[in-house]
Amino acid sequence: MKDFFLRNNAYHIWATNLLYDSIDTLSEEDYKKDIGLFFNSIHGTLNHLLLVEKVWYSRLIREVYVPSSLAEELEPDRQTLKSRMIQSLERWDSFLADLDNSIWETIFRYKTMRGFETELIFCDVVQHNFNHRTHHRGQITAAITQLGGKSPEIDYVYYLQTKGK
């Protein structure tokens with residue numbers, strides 16, 4: 001499981017970097033334009049991704065971080081947000097690498113943002129985090145296309161082919 005999740009995290013770093021290659025070509029106006037995404041703009045969606053990364057990572061290392069909302073803006077500056085996003089993804093490599101293989105099927109208990117105690121299998125928590133990234137990257141690629149930009153090809157299979165796996 002550890003190798004699977006490390007490979008998936010490497011994919012997410014690769015895909016996020018390619019996504020940013022396209023995002024970086026957008027004007028500031030288009031980047032922050034409300035185009036009807038759940039978090040309004042590309043910027044809002046990226047901020048949401050960073051925020052949720054922080055929420056889940058904090059839970060996994062047994063710290064508490066509860067934002068005011070899922071739309072809370074952590075970083076208004078475009079370039080700083082990009083740097084923080086990549087750093088956040090890279091941080092997962094050491095976290096995952098340090099995990100003992102016995103943890104994947106254990107029960108992980110945590111408190112939801114609404115304050116309810118709940119539990120999931122540990123590997124499902126990690127997988128949810130990865131799926132969440134993919135979900136919002138898909139929204140962003142559609143937004144880039146809607147704004148007239150070129151959307152990157154960031155399917156997992158392209159990553160595997162690029163890396164020769």
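Is methionine 85 buried or exposed? Methionine 85 is buried, with a relative accessible area of 4%; buried means under 20%, exposed over 50% and partly exposed in between, using a 1.4 Å probe and protein chains only. The structure is a predicted model, in which local features need pLDDT of at least 70 and side-chain atom pairs count only at pLDDT 80 or more, while totals for chains, interfaces and linings use all residues. Residues are numbered from 1 along each chain as its sequence is written, and side-chain values use heavy atoms, with hydrogens and water left out.

Methionine 85 sits in helix α4 (residues 78–97). Helices (H or I, at least four residues) and strands (E, at least two) are DSSP runs, numbered from the N terminus. Beyond residues up to four places away in sequence, methionine 85 touches Thr16, Tyr20, Leu46, Leu49 and Leu50. Contact means heavy atoms within 4.5 Å. Threonine 16 is 69 residues from methionine 85 in sequence, with a C-alpha to C-alpha separation of 8.6 Å.

Helix α3 (residues 42–60) packs against helix α5 (residues 122–146): their axes come within 10 Å and cross at roughly 175 degrees. Axes are lines fitted to C-alpha atoms, for helices over the stretch in contact, and angles run from 0 to 180 degrees between N-to-C directions. The two helices are therefore roughly antiparallel, the term for angles over 145 degrees. Residues in the contact include Leu46, Leu49 and Trp56 of α3 and Phe122, His132 and Ile140 of α5.

Arginine 59 also lies in helix α3. Arginine 59 is buried yet has no salt bridge. A salt bridge is a side-chain nitrogen of Lys or Arg within 4 Å of a carboxyl oxygen of Asp or Glu. The nearest side chain of opposite charge, glutamate 117, is 9.8 Å away; Lys and Arg count as positive and Asp and Glu as negative, with His and the chain ends not counted. Leaving aside neighbours within four places in sequence, arginine 59 contacts Phe108, Tyr110, Lys111, Thr112 and Met113.

The salt bridge count comes to seven. Among them, aspartate 24 pairs with lysine 82 at 2.5 Å, N to O. Aspartate 24 is in the loop between α1 (2–23) and α2 (28–32), and lysine 82 is in helix α4, 58 residues apart. Glutamate 28 and arginine 78 meet at 3.1 Å, N to O. Glutamate 28 lies in α2 and arginine 78 in α4, so this pair ties together parts 50 residues apart in sequence. Glutamate 28 is partly exposed at 41% relative accessibility, whereas arginine 78 is buried at 11%.

How values were computed: Angles under 35 degrees count as roughly parallel, over 145 as roughly antiparallel, 65 to 115 as roughly perpendicular and the rest as oblique.
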